[in-house]
Amino acid sequence: MNRMNPETLHNGLSRRHFLSRTSTGIGAAALASLLNPRLFAATQTPHFAPKAKRIIWLTQAGAPSQLDLFDYKPGLASQFDKDLPGSVRGEQRLTGMTAGQKRFPIAPSVFKFQQHGQSGLWLSELLPQTAKFADDLCVIRSLHTEAINHDPAMTLLQTGHQIGGRPSFGAWASYGLGSENSDLPAFVAMISRPSGPTNAQPLHERMWGSGFLPSRYQGVRFSSGKDPVLFLSNPPGITNTRRRAMLDDVAALNHLKLDEYQDPETQARIDQYEMAFRMQSAVPELADLSKEPASIFERYGPEAKKPGTYAANCILARRLAERGVRFIQLYHRGWDQHNNLPTGIRSQCHDTDQPTAALLGELKERGMLEDTLVIWGGEFGRSVYSQGTLTKDNYGRDHHPRCYSVWMAGAGVKGGQVFGETDDFSYNIVKDPVHIHDLNATALHLLGIDHLRLTYRFQGRDYRLTDVHGEIVKGILA
Amino acid sequence: MLTLHHSSPLFLALLATLAVAAPQAAEPLRYNRDIRPILSDNCFSCHGFDPKHREAELRLDTAEGATADHDGVRAIVPGDVEKSELWVRLNSNDQDEVMPPPKSHKKVTAAQKEVLRSWIQQGAKYEPHWAFVPLAPVAMPKTKQDGWARNDLDRFILARLESEGLAPSAEAARETLIRRASLDLTGLPPTLAEVDAFLADTSPQAFEKVVNHLLKSPHYGERMAVDWLDAARFADTNGYQVDRDRELWPWRDWVISAFNRNLPFDQFTIEQIAGDLLPQPTLEQRIATGFHRNHMMNEEGGIIAEEFLAEYTADRVETTAAVWLGQTFNCCRCHDHKFDAFTQRDFYALKAFFHNVPERGVGLYSNPIRTNSPPFVNLPAPDIEAKISGLNASTKAVNEQLTALAAKSSAGVEEWARRVATATVAWEPLELRAASGGDAPPRVDAAARVVQVGPQETRANTIKIAARLPVGRFTALRFECATTESVASFQWSELKVTRAGEKKQPLKMRAIAVGDSLAATETVKALDNDRKTRVAISVKPDQAAQAVFELEQVLIIDNTTAEIEIELGVENANGPSRWRVLSTVAEPHVLAPTHVLTLARKEEAKRSEAEKKQLAAFRLSQQPENRKLSDQLSELKKQVTAAEAEIPTTLVMEEMKEARPTFMLMRGAYDKPGEQVTAATPAVLPALEAGLPHNRLGLAKWLVSPQNPLTARVTVNRFWQQVFGTGLVKTSEDFGAQGAAPSHPELLDWLAGEFIRSGWDVKHLMKLMVTSATYRQQSQLTAVLHDRDLENRLLARGPRFRLPAEMLRDQSLAASGLLVGKIGGPSVKPYHPPGLYEQVVAQRDNPSATYRQGSGDDLHRRSLYTYWKRSVPNPGMMLFDAPFRETCTLRRTRSNTPLQALNLMNDPTYVEASRFLAQRMMQEGGSAVDARLTHGFRLLLARVPKPAELAILRAAYERARADFENDAAAAKALLAVGEAKSEAPTNPAELAAFTSIASTLLNLDEAFTKE
């Protein structure tokens, strides 16, 4: 339905107009490509050959416990209820929730760990399905952050800064690389709530917002229900045919306007209305899982048929990836286990382990894991000491920013390895620290973007996702 | 923007087309205009103002630095390019020598090198940064064309156009003009009466009359407020974590009123920064200080207050610097500015002005949730105040009855005291038979008569215990709780004791304190039928808890044992708690806490007066009549509290008597204090005048001092941006070295001077711009202007750009007749997609976990009254580039996206507005189809459709009508969208067809656009 004709004055106007606004470089190409993805198809180049065409970021909001999932500490078993040595704790600042605690009793994980795959990667019994892909996972055990509370920490993870106002990773990626699909946005965010009765920390729109970048780069929230994308459905009484007819009228009138005013914005508006129309069929087609075979639902687990669950969102993530969506961000809430951690984390893993593994499996079988980067993790880690009462089979864990674990898999990542090392208490990093900025720099690198060169001038300063930091973590690259 | 200095052919081509940036060949190069942007972008981060990051001890931002001798080498030798090391380094092929160094990713283009070469050749004259140069009288430029300029502003525009060889465009059509001015000055489209009056007015002052009328409209203040709300980061919630509500709308209303009253901008500034420090400040002046309480406030459990206090004060510094000075102070929070002459000390010296507010770093909440954290002020609320004084009168009456009762009761005290002194009180544990409920089933130890609850209760659980009472006359029950673990804690929210067979009649009890039991004021929370009030209990093996409840009527069990059911509401339990329930048959009214018992046992003669009073008070507290009156009192107190909570409040600034000390924070970190600083204005700007206090009031007066070179320039530029779409300085938020140079420097200075001379008269300034010939031009783009000035910086045509979010919605509401014109008041909740909050917000402790849509007028108020939740702002606003309002925003982007199209086509807001616009077309537009279509077109766009447009609309209408006549159900469904009821149509297909035409109109590019 594209009405742009390269020979017309209008097109020339609009094209040059965009360039003058955005200067040169990939930003300009991406901007044009968002409007017309074919326009710059040949010339749109990242800084260097990308390993990943897209990212699926499985954000586990609330901070999953590294001690109960990835960071195996067999030595802690003998330390049950002993005080965490002051020398380990150092001057670490504590949240107001445990700062008043008189003791810091060590809580070894109640979960069993076991080695998996050729690589012998240690994983907890909570992740039996993910463990089947052990040889594809690169578990980073030495990630760290400054923030100790959810909101600033999640904002830092997503935008490179604790206070809101900056663009999120997906917005940067979309600004830098544009869209591969003319019918869908380049950056999609999906949110699921925990099935168990747990404290689900809130999320903010800014976490997938575009900050000071133009708002066209912001993540589009996909929801379950009538309108996967806000305002997608025609109102009652307006069929697709009626919408098409109305759009033709609008376009005809807008073309008269364009003839008279020659404003490139008018041409852009005409194009945007066409894309809106295409989205009206592309998005429901995408969100409609009814044609997925029964085997797929079995694979993703019992929750997969319930719209809006993590499992259903994982299926959608695969479908978005197939359609060339650049940045797919899932959020699963509910990992904030200050108390009753064993029950809570079991429930969270019940929600996420099988669907995550099913997604990895499907991507692999379709050959898409080669050019899809999958990242799994939260905003910080959890403390080795118990918050609240410690018993043999129950404990809670407070926030812990000094080290935590995430995993990456797929495009350009060396699987079957552990990167980084923490001390015997999973309290401090002893080898290969990786900061949030390093993680983000590395993920951008895999997309073919030099994090130092993807900048945007705002308030006189050239901002980037990694602020003034960020080193590529070479050790995790294949 | 990204990598501006690629030497790609694209960029060179661009440079050639950007007329604004290209210096005139004949003119000498000017440092500020031509040189500084190149040096600032490429050199200053290592050779600039910040000494900590300065390389090779070389600075290029001053003439002294650039020409200084470094062992015989000078970066710049004025007049001698070849001897200038700068030139040599720029052109070096040696990777280690060449500047800027390759790893910096900066690059000076060939064209820029040529500019630098000529400048050195011409003598390398430096200028102070233009924005810091004091305002001076500006000479009127000479123009060739006479008669075009309508005021002095136009002369600057015309002179520049003439120097560029361009001519202004013709004046726009009257319909275009009045729509443009109405949108700019009131944010609403003109009414047809206004359009017709203007079209009919043949006087030369016709347009000026329109403008005067618009400036007097009460909607003028609403339009002007919108940009200021962005600047002030105004929102209805606190912004972090749970993102609870706050009340600051009275401040928003103050802003609207200030613009409508045309409060001079200097006073507007003083009252908002320091209204509370004015002599005898009025309530209004205190409300104005809400400006600096608009920042986000963290309420997350476990945050460190000091850390966030540092954020709030930093936000105030950055916002003040951006809004009034056009400077990016956020850089200086951690280090000296790299591009501008501001130091880290300047930042903290400014912070000291804002650091003396009696506030906490954490949002403060009481129960029930009161939205505002101190300091705040109450607003007058006569109705509520009347209600409160009525309640107070009732309270007084009850108190009098209580006094009378006390006199009566004191007579029997001695007799009662003897009974208390001699009574024996024995407690027998109840037989426990079974228990249920809880995360895990409670365990009953029948032999020990103990039930164990827990170890965890994460939900709000009700533990049901079946117990048995022997024969007897029971007067009280005692609940005991202990643990075998090191500690157990839980919250006890409810208690009900029911005799079997009397299911719905729990025993009436009252909480009393006996011996070591918990205070009755605590345990009463278990009896109040409210799960939200809870007794927090923590027990250890050697530290049990007891609670005693007296039965209001003696429980008589004759003949045989009685079955009793006990319900305990318990939640947030951590650790196992072991419960026993005991009963007593002691005489009524003899149970007393230890201290009362001691007194009762004392001989009457030996009791002091105070002790006698204590006894009498306790005795009184046991009288049933007293209980009734006390209940009345507490009910009245509750009502007073509830009424007080209804009094609107608004956040304000206050000054502590003793200033909080302010320290430099190393790398900006709250826990790394450095040297102490005192309040001072930035060193590079004119000093605070002698006699001004070193507090916010002094700062405010300094900001609007005529000596301040920035405030007037920055402010007029922002108003210019509002009207013309782009500021004279494009980076309206940044007047520093990295900001854009002004397109018309002399005009900017003249306007700033005119603004001050007029007494900071905002309406005067607006009128000057809007009545200018520049503004009145038509906005068509021509091929010449496309090539020469696509961005319209030279203003050879009128402004044409997309409407801001608020205006788009308000325009639809106004044209359809739905708009409710009421000004001010609490924010409202119009249509909003369902389910948007639930996915992301916290459910616990969150009174606004769900969006509760308003009804009636609330659905159709102007958009600046729409509830602004920072974590999930109204999507209809966000899709059109409204900011999150988390930090100060001085310039919105203007995007053009498919999601905007979906919003305007499908949001019930616009579908409903289409129906009402259709209704107006049919009711007011006559009977002919063309006339009706024309009427709708005019209501929205002010002008009459052209024949070609009308033909398209007519065909569309005929098609839609035929279509809906064949599909009555579709017509009915479309007409049912939205809560506002239109008059029952005689022909639904006709109304549906006009509705779909109205929707077409609302979606036109022209409707999106100020033209």
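## Starting at one residue

Which residues does A:I55 touch, not counting residues up to four places away in sequence? They are A:A173, A:F327, A:L373, A:I375, A:A443 and A:L447. Here two residues are in contact if their C-beta atoms, placed from the backbone, lie within 7 Å.

Before going on, a word on what you're looking at: this is a predicted model, where local features need pLDDT of at least 70, side-chain atom pairs count only at pLDDT 80 or more, and totals for chains, interfaces and linings use all residues. Residues are numbered from 1 along each chain as its sequence is written, while chains are lettered from A and ligands numbered from 1 in the order in which they are written.

The model scores ipTM 0.81 and pTM 0.80. Chain B averages a pLDDT of 90, with 96% of its residues scoring at least 70; pLDDT is the predictor's confidence in each residue, on a scale from 0 to 100. Residues 1-25 of chain B are another story: pLDDT stays under 50 there, and the model has 51 contacts beyond four places in sequence for them.

## The cores

Back to A:I55. Along with A:C138, A:L373, A:I375 and B:I997, A:I55 touches the most other members of the largest nonpolar core, which has 336 residues. A nonpolar core is a set of buried Ala, Val, Leu, Ile, Met, Phe, Trp, Tyr and Cys residues joined through C-beta atoms within 7 Å. "Buried" means that 20 or more other C-beta atoms lie within 10 Å of a residue's own; with 12 or fewer it is exposed, and in between it is partly exposed, with C-beta atoms placed from the backbone. A second, separate core has 50 residues, including B:L477, B:L495, B:V514 and B:W579. In soluble globular proteins, nonpolar side chains tend to be buried together.

## Chain A and a proline in a helix

Chain A has eleven helices and 17 strands. Both are DSSP runs numbered from the N terminus: helices are H or I with at least four residues, strands are E with at least two. Of the 478 residues in chain A, 63% are buried. Look at contacts with a separation of 6 or more in chain A, and 75% of them join residues 24 or more positions apart.

Helix 10 of chain A (residues 341-365) holds A:P355. This proline is buried because 28 other C-beta atoms lie within 10 Å. A:P355 touches A:Y300, A:G301, A:A304, A:Y310, A:A311 and A:C314, leaving out residues up to four places away in sequence.

## Where the chains meet

The contact between the chains takes 84 residues from chain A and 95 residues from chain B. On the chain B side, helix 32 gives the largest share, seven residues. That side divides into 41 nonpolar, 36 polar and 18 charged residues.

## Chain B, piece by piece

Chain B is divided into domain 1 (9-127), domain 2 (222-376 + 657-761 + 783-788), domain 3 (424-586) and domain 4 (906-1010), with bounds from an automatic or database domain assignment. The C-alpha centres of domain 1 and domain 4 of chain B lie 61 Å apart.

Now zoom in on helix 7 of chain B. Nine of its twelve residues are buried, so helix 7 is largely enclosed by the rest of the structure. Its buried residues pack against helix 25 (745-757), helix 26 (762-770) and helix 27 (773-776) of chain B.

Most residues other than glycine have a negative phi, and most peptide bonds are trans. Chain B has some exceptions. The peptide bond from B:M99 to B:P100 is cis, with omega near -10°, and B:P100 lies in the loop between helix 5 (85-90) and helix 6 (110-121) of chain B. Another cis bond joins B:P374 and B:P375, with omega about -5°.

As for phi, B:W760 has a positive value near 55° and sits in the loop between helix 25 and helix 26 of chain B. B:W760 is buried, since 22 other C-beta atoms lie within 10 Å. B:D881 has a positive phi near 75°, and 21 other C-beta atoms within 10 Å make B:D881 buried.

Note on methods: Ala, Val, Leu, Ile, Met, Phe, Trp, Tyr, Cys and Pro count as nonpolar, Asp, Glu, Lys and Arg as charged, and the others, Gly among them, as polar.
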